[in-house]
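The tour goes stop by stop.

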Amino acid sequence: MAPLRLRYAATLAVVLAVSGFGGQVVGTKHADEDADVDADADVDAEDQDQAVDIVALTTDTFLEQAESGVPLLVYYYAKWCKHCVTTWPMFEALAVVLRDRDDLALTVAKVDVEAEMRLAKDQGVSGFPTIRMYRDGRHDDFFGERSVPNLVRWLERKMGLAMHKPKSVTEARQLIDAHPVAVVGFFADVDSEEAAVFKATSAAVDKAVFALIDDEELFAEFSAEDGAVVVFKKFDEGRVDLRLEHSVDTLAKALQRMMRPLVAEYRSEEAHEYFGARANANRAMFIAFLSRRAGHFELLHDTLQAVALESVSNVSFLAVNVDNADNAAVLTAFGMTNSTAMPAMRMYSFASMKRYQPRTDRVSADAVRDFIAGVQSGALQPIDAVREAPEPEAVEAENGVRVLTSATFDQEVYDGRRHALVMFYADSCKHCGTFKPIFEEVAAQVSGMPSLLVAKIDMGKYKPRSAGVDIVGVPYVVLYPRCGKEKPAVYDGTRNAKTLVKFVKKHTGLEDQKPRRAKGKAATEDREEL
């Protein structure tokens with residue numbers, strides 16, 4: 001079962017989604033993983049599994065494998081998903097490689113999410129394909145470019161096989177010089193509790209090379225004491241010394257923040273890292289909107305760098321190049337346009353999921369400090385980045401689907417006379433564009449149900465005053481029961497008209513009313529009279 005809505009990390013989810021940001025800020029998936037469905041595509045699992053031993057898991061057999069003590073690598077797929085079809089040969093090739101790697105002993109498995117809907121739901125799998133490793137009672141999803149070498153390196157790290165152990169100063173310095181970030185642990189006793197935390201942390205941080213030095217004669221060469229963890233970086237301060245007074249989780253989060261510069265330049269392919277909830281819990285994000293053509297990056301680099309260093313414990317800094325057309329959605333997400341005066345500042349709180357605007361957009365060290373202090377103290381009130389479009393003169397229907405606005409949402413949806421099936425969408429969202437004809441087909445199929453309103457509202461233009469549910473992405477479909485006696489039902493089935501019509505019948509009690517298919521202009525005009 002693939003969810004209809006895009007699931008974003010609980011951060012800038014709605015804001016970026018309705019701004020056409022697509023799936024680039026996906027809590028756990030790539031932008032293309034919830035893309036258009038190829039109805040003719042299929043994963044011929046039986047033929048493809050003949051060459052390798054890939055276990056087909058079910059709801060009944062999953063726990064036995066997951067709790068067997070042997071690491072489990074699972075490929076969650078849907079037969080209709082074109083990306084699953086594209087990546088399956090790679091996963092099969094990976095299984096062949098793993099079969100010959102005694103040091104990577106694990107069970108390779110697959111789950112057909114349509115056949116095993118309950119298992120997929122229980123595991124929180126919301127995009128396809130998902131490649132997930134289960135080990136020691138926890139799981140990790142693979143986020144990188146899907147290739148056999150990348151997955152092998154990822155598995156080696158997760159299995160604790162990627163730790164370097166240099167035996168000389170030359171070897172250690174070569175390792176440090178060859179990577180943007182190198183994390184080196186100095187432990188005379190490699191079996192100590194602190195060393196165990198360091199080793200476990202190396203499996204949780206993907207974008208750095210880890211090394212362990214146990215020769216005390218080398219400690220002095222790097223000005224390190226026993227038990228120290230030193231982060232060598234090719235940017236910012238160059239070196240950060242840590243003491244292992246952390247759990248694996250807290251140390252991993254600290255290191256993840258060090259993987260990028262103090263003031264990172266926004267890149268859409270890394271959006272999930274900037275806005276991912278797991279790495280940024282209880283933090284805030286300061287965002288500078290700058291024009292590279294106007295020289296803002298060079299002019300303000302030192303200013304932002306200095307304040308970022310002061311605030312590194314609880315604020316992340318991000319610079320967005322407004323000259324890049326691909327970044328337009330980020331401006332929209334913060335209620336800005338190309339005509340907004342630059343440079344400009346905004347902030348986002350991961351804890352409250354609120355956005356903030358300073359009293360002035362004059363960018364100086366003191367202004368940035370005051371802005372951060374105002375947000376953290378509560379002196380500044382959050383802003384609403386969704387700027388509503390003017391209400392149209394008349395509310396119309398499009399292909400049998402009623403068009404709602406902020407002013408008409410409540411009166412149409414909560415009028416008490418009928419059920420309401422509402423699609424929340426954004427014109428700039430490509431997934432919404434793909435789903436639009438499917439939703440219109442649903443409207444045609446249920447047009448014989450007079451007590452049902454089929455409607456839509458553009459979240460890029462309007463904000464319903466009482467949606468009744470948290471809209472966590474677009475497209476998002478909700479069924480509002482008549483009279484409001486029951487809670488709204490959120491649709492999370494596959495993107496096809498047949499399944500959605502079944503959902504409508506189930507939640508409205510209109511199963512016995514035979515829907516008639518709308519035909520031609522006259523049928524559409526009948527729907528406009530609702």
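This is a predicted model: local features need pLDDT of at least 70, side-chain atom pairs count only at pLDDT 80 or more; totals for chains, interfaces and linings use all residues.

**Stop one: a cysteine in a loop**

Select C429, which is in the loop between β17 (419-425) and α17 (430-445). Helices (H or I, at least four residues) and strands (E, at least two) are DSSP runs, numbered from the N terminus. C429 has 3% relative accessibility and counts as buried. Buried means under 20% relative accessible area, exposed over 50%, partly exposed in between (1.4 Å probe, protein chains only).

Local features need pLDDT of at least 70, side-chain atom pairs count only at pLDDT 80 or more, and totals for chains, interfaces and linings use all residues, while side-chain values use heavy atoms, leaving out hydrogens and water.

Select C81, buried at a relative accessible area of 5%. Then take C84, buried at 0%. How many disulfides does a search of the whole structure find? The search finds 0; a disulfide is a pair of cysteine sulfur atoms within 2.5 Å.

**Stop three: two helices**

Show helix α4 (residues 82-99) and helix α6 (residues 148-158). They pack at an angle of about 50°, with axes 9 Å apart. Axes are lines fitted to C-alpha atoms, for helices over the stretch in contact, and angles run from 0 to 180 degrees between N-to-C directions. α4 and α6 are therefore oblique to each other. Angles under 35 degrees count as roughly parallel, over 145 as roughly antiparallel, 65 to 115 as roughly perpendicular and the rest as oblique.

**Stop four: rings**

Rings of Phe, Tyr and Trp (its six-membered ring) pair if their centres lie within 6.5 Å; planes under 30 degrees apart count as stacked, over 60 as edge-to-face and the rest as tilted. The count comes to 21 aromatic pairs.

Select F286 and F371: their ring centres are 6.2 Å apart and their planes at 70°, so the pair is edge-to-face. F286 lies in strand β11 (residues 284-290) and F371 in helix α15 (residues 365-377), so the pair ties together parts that are 85 residues apart in sequence. Both F286 and F371 are buried.

Next, F409 and Y480: another edge-to-face pair, 6.0 Å centre to centre, with 85° between the planes. Both F409 and Y480 are buried.

Finish with Y75, Y77, W88 and F91, which ring pairs link into a cluster.

Notes
Residues are numbered from 1 along each chain as its sequence is written.
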